Amino acid sequence: ISEQRSARRFLDFLPLDGRFETRRSGGREVIAPESYRRYDRLVDIFVGLASERVARFIERLGPLLSQSMDENAFPGTEFKVTLAGAIEHLLATPSPSGDVEVILGEDGVYRFADPASEALSAPQKQILRLGPDNAARVRAKLGELRLALGAVPRIESPSLRKPGSPSCPAPSPVSAGRRRRA
């Protein structure tokens with residue numbers, strides 16, 4: 001997510017209830033409320049997590065998670081920094097007002113009619129697909145998690161930061177000399 005790619009392939013074990021649905025409104029095709037409700041159960045689980053316990057869990061497993069990332073395609077990456085980037089990226093998702101218009105492509109896939117929405121990253125588009133109520137709940141929980149994790153400074157994404165820049169502290173002695181592959 002911090003690299004603005006979808007995490008869907010890692011979440012296939014979490015099935016959604018129902019299918020994506022649209023409805024006509026004022027001559028436009030918009031996402032139907034039923035589509036938003038498909039995510040209710042997953043959002044309930046996510047917002048039900050105890051933020052302080054999640055933060056303690058990440059604090060304890062952070063070094064192990066960083067090591068795993070280091071060994072599996074993301075050398076020099078600190079898990080907590082990556083997580084902070086993912087949180088900030090999702091929190092930067094705009095909140096549409098009113099119905100979300102979609103268009104059916106020739107490939108049979110719905111896309112956002114608004115070019116700005118369609119230009120968002122895959123994770124940000126997923127936030128829009130949650131619907132306004134679920135998206136607000138997820139944003140609130142992400143903000144809570146950000147605070148519980150120590151309010152890491154706002155950053156766009158770890159992949160976009162330059163070491164030593166104001167939004168990216170200089171590498172720690174532990175991570176000095178390790179850089180991420182491009």
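## Confidence, a hairpin and a ring pair

The chain has a mean pLDDT of 80, and 74% of its residues reach 70 or more. pLDDT is the predictor's confidence in each residue, from 0 to 100. This is a predicted model: local features need pLDDT of at least 70, side-chain atom pairs count only at pLDDT 80 or more, and totals for chains, interfaces and linings use all residues. Residues are numbered from 1 along each chain as its sequence is written, and side-chain values use heavy atoms, without hydrogens and water.

Over residues 152-182, pLDDT stays under 50. The model has 51 contacts (heavy atoms within 4.5 Å) beyond four places in sequence for these residues. Where pLDDT is low, the predicted coordinates should not be read in detail.

Next, the strands (E, DSSP runs of at least two residues, numbered from the N terminus). E1 and E2 (residues 28-31) run antiparallel, joined by 4 bridges. Strands pair if DSSP finds at least two bridges between them. Ser 25 has Arg 28 in E2 as its bridge partner. The two strands form a hairpin with 2 residues between them. In the turn, Gly 26 has a positive phi of about 60°.

The structure holds 1 aromatic pair. The ring centres of Phe 20 and Tyr 110 lie 5.3 Å apart and the planes meet at 45°, so the pair is tilted. Rings of Phe, Tyr and Trp (its six-membered ring) pair if their centres lie within 6.5 Å; planes under 30 degrees apart count as stacked, over 60 as edge-to-face and the rest as tilted. The pair links distant parts of the chain, 90 residues apart.
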